Amino acid sequence: MTVETAKAKATVYDGNIHYFCSADCRDKFEASPGAYVKARNAPPQPVAHQQGLHH
């Protein structure tokens with residue numbers, strides 16, 4: 001969704017401004033921001049090794 005920042009409802013999370021189409025959407029984000037934003041410093045996910053490959 002594209003949101004015009006001049007009309008948007010905004011909040012700051014993790015040092016970044018996030019814009020929303022309504023106060024209701026902003027409130028949902030503020031209640032659980034981690035559900036919407038990936039953690040910046042998340043540990044890398046392990047890569048599954050395929051059988052038959054030798055290192």
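Aspartate 14 sits in the loop that joins strand S1 to strand S2, the latter covering residues 16-20. I start there because most residues other than glycine have a negative phi. Aspartate 14 is not a glycine, yet its phi is positive, at about 55 degrees. Please keep in mind that this is a predicted model.

Now the overall layout. The protein has 55 residues, and 9% of them are buried. The accessible surface is about 5,100 Å², with carbon and sulfur atoms contributing 53% of that. Take the contacts with a separation of 6 or more: 8% of these involve residues 24 or more positions apart.

Next, the aromatic residues. How many aromatic pairs does a search of the whole structure find? The search finds three. I will go through two of them.

Tyrosine 13 belongs to strand S1, residues 9-13, and phenylalanine 29 belongs to helix H1, residues 23-31, so the pair ties together parts that lie 16 residues apart in sequence. Are these two residues buried or exposed? Tyrosine 13 counts as partly exposed, at 29% relative accessibility. Phenylalanine 29 is buried, because its relative accessible area is 5% and the cut-off for buried is under 20%.

Phenylalanine 29 also pairs with phenylalanine 20. Here the centres are 5.0 Å apart and the angle between the planes is 40 degrees, which makes the pair tilted. Phenylalanine 20 is buried too, with a relative accessible area of 14%. Put together, Tyr13, Phe20, Phe29 and Tyr36 form one aromatic cluster.

Which residues make the nonpolar surface patch of about 310 Å²? They are Val12, Ile17 and Tyr19. Valine 12 is in strand S1. Its relative accessible area is 59%, and over 50% counts as exposed, so valine 12 is exposed.

That leaves the charged side chains. There are two salt bridges. One joins lysine 28 to aspartate 24, with the closest N and O atoms 3.6 Å apart. Why are these two residues separated by about one helical turn? Because lysine 28 and aspartate 24 are four residues apart in helix H1. Both are partly exposed: lysine 28 has a relative accessibility of 47%, and aspartate 24 has a relative accessible area of 47%.

There is one further note on aspartate 24, which lies in helix H1.

Aspartate 27 is partly exposed, with a relative accessible area of 41%.

Valine 12 contributes to the nonpolar patch, and aspartate 14 is the loop residue with the positive phi.

Conventions: Residues are numbered from 1 along each chain as its sequence is written. This is a predicted model: local features need pLDDT of at least 70, side-chain atom pairs count only at pLDDT 80 or more; totals for chains, interfaces and linings use all residues. Side-chain values use heavy atoms; hydrogens and water are left out. Rings of Phe, Tyr and Trp (its six-membered ring) pair if their centres lie within 6.5 Å; planes under 30 degrees apart count as stacked, over 60 as edge-to-face and the rest as tilted. Buried means under 20% relative accessible area, exposed over 50%, partly exposed in between (1.4 Å probe, protein chains only). Patches are made of residues with over 30% relative accessible area and no salt bridge: like charges are joined within 9 Å, nonpolar side chains (Val, Leu, Ile, Met, Phe, Trp, Tyr) within 5 Å. Accessible areas come from the Shrake-Rupley method with a 1.4 Å probe; for residues, only the protein chains shown count as cover. A salt bridge is a side-chain nitrogen of Lys or Arg within 4 Å of a carboxyl oxygen of Asp or Glu. Contact means heavy atoms within 4.5 Å.
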